[in-house]
Amino acid sequence: MKPEKILYALNDIDTAFLTEAREAPARRHSRKFAVLIAAVITLMALTVTAFAAEEIAGWFRQYFNKQAEAPLTPGQIEFIEENEQVIAETQTHDGWSLELKSVMSDSNAVYAIVGITAPDEVTEEELRSLWPDMDFYDKDRKPVGSWGVKLHIGMDGNERTADLVFELNPADWNSGNSWTLRVNRLSKMVHDREYEQNLLDTKYAGQENIMFTDEEAAKIHQQVLLAEGPWEFAIDLSRAENTVLELITTPVTAQTCYGLKDDGTALFKDVTITSFELSALSATIHVDCDDYAPDFTPGGRKIYVVMTDGSRIELIPNWGSISEQHFNAESPILLDEVDHILLADGTKIMVP
């Protein structure tokens, strides 16, 4: 990965999800750090969904089954069973128990599932507004390239349980097979709608495209501390599935978006794809481009891995830079069954 990469937010969320668990405009938590001449931006976004309780073993099977376009095949199920690392390590602080349930990874993508059990007095509504302060780093304490997280509320009759599903991506500066997941504290987000409405009725009355000050935004969306950690877990990546399939033998030209017109219409330009690396959980496209970060999936267009039986697996944009674009697969890819890649512009990249 190049240092100028940007994490694609897994899900944008509305401030209202914090109390109502429904979607609307995005709110993001971010931190920045400088590497060489560019900044890597890590964005965290939480999406709350109802999720049936499962035994730890088999958790990924249900997770991928729910987000994939088609049901998992027997081969995909076998891959998950062979590659899921069940950890089941629990730590407790201030009455909050966090459990690193399991991990699955390839050379460019890592999934980690952390289960949460709240104290008896915590309500489901409070759990839905959970806001964890977290860090991931390698053996040299260098941060991972990028990460995103989804929150799933358990529906097994226990309103005090939830699961955090992390998607992590390494960077060129990361080393070794040992990463650390550290949760520093747990907070809940409180939306002060009365204060927000008062500002809209007075200071910002009649205005459009309002931008609240930092102080106003902090008061509208307050972080209320629930528990102090740290909860700290080791993630062993030595068992990652590291097979990579290179699809490009001769450079391929494809259409990408490089910006928008004033009316919102996409502007397109051809770029040369010099490498298309496909692995079990992710893909990386390397391009010969020096003036913009190409967008291969503008306006909701999609890229698919097409299998020999005709079934498709979507590649979901994760981060991008001028020289490369990274995608995570919606479900595991069985590399020996791939027929071709179908780009959004109709270009096919066949398996050599």
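Buried means under 20% relative accessible area, exposed over 50%, and partly exposed in between (1.4 Å probe, protein chains only). This is a predicted model: local features need pLDDT of at least 70, side-chain atom pairs count only at pLDDT 80 or more, and totals for chains, interfaces and linings use all residues. Residues are numbered from 1 along each chain as its sequence is written, and side-chain values use heavy atoms, with hydrogens and water left out.

Select Asp-133. Its relative accessibility is 23%, so Asp-133 counts as partly exposed. Asp-133 sits in strand β7 (residues 130-137) and Arg-185 in strand β10, so the pair ties together parts 52 residues apart in sequence. Strands (E, at least two residues) and helices (H or I, at least four) are DSSP runs, numbered from the N terminus.

Next, select Lys-101 and Asp-163. Their side chains meet in a salt bridge, 2.7 Å from N to O. Lys-101 is in strand β5 (residues 96-105) and Asp-163 in strand β9 (residues 161-169), 62 residues apart. Are they buried or exposed? Both are buried.

Move to helix α5, residues 193-201. Tyr-195, Glu-196 and Leu-199 are buried there.

Last stop: Cys-257, buried at 7% relative accessible area. Then pick Cys-289, buried at 13%.

Technical notes: A salt bridge is a side-chain nitrogen of Lys or Arg within 4 Å of a carboxyl oxygen of Asp or Glu.
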